[in-house]
Amino acid sequence: MPKVNICVKESKGKVALTDFDLPDPGPGQALIRTTLTTICGSDIHIMSDIDDVPAGTPMGHEAVGVVEAVGEGVESFAPGDRVVTSCLVSCGHCDRCVDGEYQICSTFGSPMNLLFGAQADAYLMNGAEYSMAKIPDGMDDRHALFASDVMSTGFAAIERAGIREGQTVAIFAQGAVGLCATAAAKHYGAGVIIAVESIPQRVEMSKRLGADYVVSPGEAINEIMKHTAAAGVDIAVEALGKQETLENCCRVTRLAAQIARRQYGRLDLTLDVIEHH
Ligand SMILES: [Zn+2]
Ligand SMILES: [Zn+2]
């Protein structure tokens, strides 16, 4: 593999492009030639907020590309396949993976199983058999890219809350992940979806994706209780990552409700479901 250009953390608050010699894929790895990548909120934390991510760390975990080569043991993919890679890398064999909790794989989970280095001409994908998927013909890269992180995170919030048809859902914040949670709630047949957001473009997108009501953060508790006849919602999603919003989730949920929250201790990439009451 020739030298590739890769984006790295240069110093706190600063990234730079550098040359990098990418080795051939080892056992379980695939070499992916990047065709599209993007910037995540987590990249901003890695670059600016998290001091123990050292300078030189390769940036980026959301990408789609074409398989260039595969290492030993990778049988489901071949050179030329268009793939979307998961932002969370899993081995398929550890106790967590066997439990179906691929997103917290312990093999690649030290300190966490986040993919690094996708903002590059090419990158090596660990756990290739379990951590990537072929892109269907006819789907373009811009759409497939969502499956690498934001869509799967938003959908996971709703799926892990065990949504049943007709349930009421409140989703706090309509950034990329929150919007995907709104789309997921709609997809799984939520009865009433109440989104909390004030930025006009996000409000509009939230309604397009299925929100029945979009309420402003300052009025969220009153409005949610009003739209649920003072009962509270069955599911609340904390898609912002703030203590205050998590507390507000507790205030608007009914008995035996579920709360899905962004978990900043793990770089906000996993969503935990807390059984409430
Ligand atoms: Zn991300
Ligand atoms: Zn694993």
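Tutor: Welcome! Four donors count as tetrahedral if all angles lie between 85 and 135 degrees, and donors are N, O and S atoms within 2.8 Å of the metal (3.2 Å for Na, K and Ca), with water not among the atoms, so sites may look incomplete. This is a predicted model in which local features need pLDDT of at least 70 and side-chain atom pairs count only at pLDDT 80 or more, while totals for chains, interfaces and linings use all residues. Residues are numbered from 1 along each chain as its sequence is written, chains are lettered from A and ligands numbered from 1 in the order in which they are written, and side-chain values use heavy atoms, with hydrogens and water left out.

Student: Which geometry does the site of the zinc ion (ligand 2) have?

Tutor: Start with the donors: C91, C94, C97 and C105 each coordinate the zinc ion (ligand 2) through SG, at 2.3 to 2.4 Å. Along the chain they follow the spacing C-x2-C-x2-C-x7-C. The angles among the four donor atoms are 105 to 117°, so the site of the zinc ion (ligand 2) is tetrahedral.

Student: Is C94 buried or exposed?

Tutor: Buried means under 20% relative accessible area, exposed over 50%, and partly exposed in between (1.4 Å probe, protein chains only). C94 has 9% relative accessibility, so C94 counts as buried.

Student: Where does T253 lie, and which backbone oxygen is 2.9 Å from a polar atom of its side chain?

Tutor: T253 is in strand β12 (residues 253-262); strands are DSSP runs of E, at least two residues, and helices are runs of H or I, at least four, numbered from the N terminus. T253 counts as buried because its relative accessibility is 7%. A polar atom of its side chain lies 3.2 Å from the backbone oxygen of C250, and the oxygen at 2.9 Å belongs to C249.

Student: What covers the buried residues of α1?

Tutor: In helix α1 (residues 41-49), the buried residues are S42, D43, H45, I46 and M47. Their cover includes β1 (3-11) and β2 (14-21).

Student: Why is the protein chain as compact as a globular protein of that length?

Tutor: The protein chain has nine helices and 13 strands. The globule rule, 2.2 Å times the number of residues to the power 0.38, goes with a radius of gyration taken over C-alpha atoms. For 277 residues the rule gives 19 Å, so the chain is as compact as a globular protein of that length, its radius of gyration being close to that value at 20 Å.

Note on methods: A polar contact is a pair of N or O atoms within 3.5 Å; within protein, one must be able to donate a hydrogen and the other to accept it, and residues adjacent in sequence count only if both atoms are side-chain atoms. Contact means heavy atoms within 4.5 Å. Four donors count as tetrahedral if all angles lie between 85 and 135 degrees; four count as square planar and six as octahedral if opposite donors are over 155 degrees apart and all others between 65 and 115; anything else is irregular.
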